[in-house]
Amino acid sequence: MANPSTIPLPAATAYPPLTTPVAVISPQYCAPYPVDLRITKKLMTLAEGGFAVTDVNGTLMFKIKGSVFSLHDRRLLLDAAGNPVISFHQKLLSAHRKWYAYRGESSDSKDLLFTVKKSSVIQLRTQLDVVLARNDASESSCDFKIKGSWMERSCTIYLGDGSTIIAQMHKQHNLQSIVFDKDTFGVTVYPNVDYGFIVALVVILYEINEDRSGND
């Protein structure tokens, strides 16, 4: 029988450490290790947004509520206990599909956390710019970038320099998603990155690319 000490262990995935933690919503959502989440939407749910966010053990982490008939396409991110974390809505008649995210249930400018918009009106590949509220006045540069292929349901989220990865998303295919008509996304959030913030970005990305007007 082989000595257990001689059995090679699988290689660990390397995640480059960030010099400063990324805490956009709250430091409480920053873990010192990579966080794997599953974001699921029931496509046939019309009354509410229908998103649920769980960890790898199936534990509910967040819920997203919001009506598809809402005038401003408003969404609300709730924690597992149902407490509002952030609210976000789309700016009407915006060619760039711009979304605004506020702390709690607020829509007051003083509670604005960040904005998200398409980098350009016409895109062959998905690219979004994320600007924190303190920098939103100029919008000369962005704090985070989202790049990927929505056709392939995959994307990578970077710091504004466009080279430092903080999270990655990919479409998950399983029996449940086929039978129950669900879109399910796997998300890996890098260490010391606000996973509540990343969840909000993935939901906004979904909404921008699944825009009901169909005029992308």
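**View 1. The stretch at residues 212-216 of the predicted model.** Across residues 212-216 the pLDDT stays under 50, and for this stretch the model has eleven contacts beyond four places in sequence. The structure is a predicted model, and the pLDDT of the protein averages 79, with 69% of the residues scoring at least 70. Confidence is lowest in helix 1 (residues 175-179), where the mean is 46, and highest in strand 6 (residues 99-103), where the mean reaches 94. Over residues 175-181 the pLDDT is below 50, and this stretch has nine contacts in the model beyond near neighbours in sequence.

**View 2. The protein as a whole, given as a setting for the close-ups.** Two helices and twelve strands make up the secondary structure listed for the protein, and along the sequence these elements follow the pattern β-β-β-β-β-β-β-β-β-β-β-α-β-α. Among the contacts between residues at least 6 apart in sequence, 39% join residues at least 24 apart.

**View 3. Strand 7 (residues 112-118) and the two strands paired with it.** Six of the seven residues of strand 7 are buried, so that the strand is mostly covered under the limit of 20% relative accessible area. Strand 6 and strand 7 run antiparallel and are joined by four bridges; within this pairing, A101 has F114 of strand 7 as its bridge partner. Strand 7 is also joined to strand 8 (residues 126-132), again in an antiparallel arrangement, by five bridges, and here K118 has L128 of strand 8 as its bridge partner. In a regular strand, side chains alternate between the two faces of the sheet.

**View 4. V24 and the residues that surround it.** V24 is placed in the segment before strand 1 (35-42), and its relative accessible area is 12%, so the residue counts as buried. Leaving aside residues up to four places away in sequence, V24 touches R103, L113, F114, L132, F144, D194 and F197. The C-alpha atoms of V24 and F197 are separated by 6.3 Å, although the two residues are 173 residues apart along the chain.

**View 5. The aromatic pair F51 and Y206.** Eight aromatic pairs are present in the structure. In the pair formed by F51 and Y206, the ring centres are 5.4 Å apart and the planes stand at 90 degrees, so the geometry is edge-to-face. Because F51 lies in strand 2 (residues 51-55) and Y206 in helix 2 (residues 195-209), the pair ties together parts that are 155 residues apart in sequence. F51 has a relative accessible area of 4% and is therefore buried, and Y206 likewise counts as buried at 4% relative accessibility.

**View 6. An aromatic cluster and a lysine over a ring.** Y29, F62 and Y195 form one aromatic cluster. Elsewhere in the listed ring geometry, K147 lies over the face of Y158, at 5.5 Å from the ring centre.

Definitions and conventions: Residues numbered from 1 in each chain as written. Predicted model: local features only at pLDDT ≥ 70, side-chain atom pairs only at ≥ 80, totals over all residues. Heavy atoms only, no water. Phe/Tyr/Trp six-rings, centres within 6.5 Å; stacked < 30°, edge-to-face > 60°. Buried < 20%, exposed > 50% of the residue type's maximum accessible area, 1.4 Å probe, protein only. Lys NZ or Arg CZ within 6 Å of the ring centre and 35° of its normal. pLDDT = per-residue confidence, 0-100. Contact = heavy atoms within 4.5 Å. Pairing = 2+ DSSP bridges.
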